[in-house]
Amino acid sequence: MELLHAGRGDHALRTAALLRRSHPADKELQLAGLLQDIGRMLRPGDGARHAVLAAEAVRPLLGERVARLLRLQAPAAAGGGGGGLGGADRPGEDAEAVATLRQAREAAGASGPDAGVLEDWRPLLELVAAGSCRAGNVIGPLGAPRGPVTDVR
């Protein structure tokens with residue numbers, strides 16, 4: 001949350017709000033819209049890799065699908081090159097979600113309805129993180145998976 005507060009990205013908030021309206025059941029897609037710019041905040045000036053940086057940053061907490069959507073939504077990935085990750089990272093079953101994410105990102109460029117505030121997204125972040133932890137995506141202090149977690153508090 002601190003990183004998102006530092007970025008103060010109204011564009012990301014608008015993207016996430018559009019996705020919440022158009023795909024209310026797809027929480028991971030909504031979070032991908034919200035988190036789309038964190039790679040730029042993590043390493044400013046490294047535009048060619050910002051999508052990969054964002055994906056790697058969120059994978060341990062929010063899971064593989066959110067990470068994959070972040071990687072694939074970048075313009076570099078649009079040409080089929082997988083954002084520099086080789087052929088192993090193609091949209092596959094998430095092709096429609098990636099296209100939807102890109103469209104929402106473009107649509108959010110125009111001012112639209114009120115996107116709310118960042119704190120409105122905290123419960124969803126916590127919900128998806130808890131599900132990811134239960135799925136075994138938690139990374140231990142040495143980088144090794146710790147396995148399923150039953151209590152995330």
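How many helices and how many strands are there in the protein? There are 9 helices and 0 strands.

## Overall architecture

The structure described here is a predicted model. Along the sequence, the secondary structure of the protein reads α-α-α-α-α-α-α-α-α. The protein has 153 residues, and 41% of them count as buried. Its accessible surface comes to about 8100 Å², with 55% of that area belonging to carbon and sulfur atoms.

Contacts that reach along the chain can be summarised by sequence separation. Where the contacting residues of the protein are at least 6 apart in sequence, 63% of the contacts join residues at least 24 apart.

Because 7 of its 9 residues are buried, helix 3 is largely enclosed by the rest of the structure. The buried positions are Leu29, Gln30, Leu31, Ala32, Gly33, Leu34 and Leu35.

Gln36 is found in the loop between helix 3 and helix 4. Is Gln36 buried or exposed? Gln36 has a relative accessible area of 0%, under the 20% cut-off, and therefore counts as buried. Apart from neighbours within four places in sequence, Gln36 is in contact with His11, Ala12, Thr15, His50, Leu70, Gln73 and Arg105. Gln36 and Arg71 are 35 residues apart along the chain, and their C-alpha atoms are separated by 9.0 Å.

## Helix 5 and its surroundings

Helix 5 spans residues 50–62. Its 13 residues should span 18 Å at 1.5 Å a residue, and the end C-alpha atoms are 17 Å apart, which agrees. Gly63 follows helix 5 and has a positive phi, near 95 degrees.

Arg43, in the loop between helix 4 and helix 5, is 10 residues from Leu53 in sequence and 7.9 Å from it in space, C-alpha to C-alpha. At 43% relative accessibility, Arg43 counts as partly exposed. Ala67 is 14 residues from Leu53 in sequence, with a C-alpha to C-alpha distance of 9.5 Å.

With a relative accessible area of 0%, Ala67 is buried. Not counting residues up to four places away in sequence, Ala67 touches Ala55, Val58 and Arg59.

Ala97 lies in helix 8, residues 95–107. Its relative accessible area is 10%, so Ala97 is also buried. Which residues does Ala97 contact, leaving aside its neighbours within four places in sequence? The partners are Leu29, Arg65 and Leu69. Leu29 is one of the buried residues of helix 3. Ala97 and Glu28 are 69 residues apart in sequence, and the distance between them in space is 9.8 Å, C-alpha to C-alpha.

## Helix 9

Helix 9 comprises the 13 residues 122–134, which should span 18 Å at 1.5 Å a residue; the end C-alpha atoms are 18 Å apart, in agreement with that expectation. The buried residues of helix 9 are Leu124, Leu125, Val128, Ala129, Ala130, Ser132 and Cys133.

## The largest pocket

The largest pocket has a volume of about 310 Å³. At least two lining residues each come from helix 1 (2–7), helix 4 (38–42), helix 5 and helix 9.

Methods: Residues numbered from 1 in each chain as written. Predicted model: local features only at pLDDT ≥ 70, side-chain atom pairs only at ≥ 80, totals over all residues. Heavy atoms only, no water. Helix = DSSP H or I, 4+ residues; strand = E, 2+ residues; numbered from the N terminus. Expected span 1.5 Å × (residues − 1). Buried < 20%, exposed > 50% of the residue type's maximum accessible area, 1.4 Å probe, protein only. 1 Å grid on protein atoms, 1.4 Å probe; cavity = no way out; pocket = protein on both sides within 12 Å on 5 of 7 lines; lining within 4 Å. Points joined across faces, edges and corners; volume = space filled by probe spheres on them. Contact = heavy atoms within 4.5 Å. Areas by Shrake-Rupley, 256 points an atom, 1.4 Å probe, with all protein chains shown as cover.
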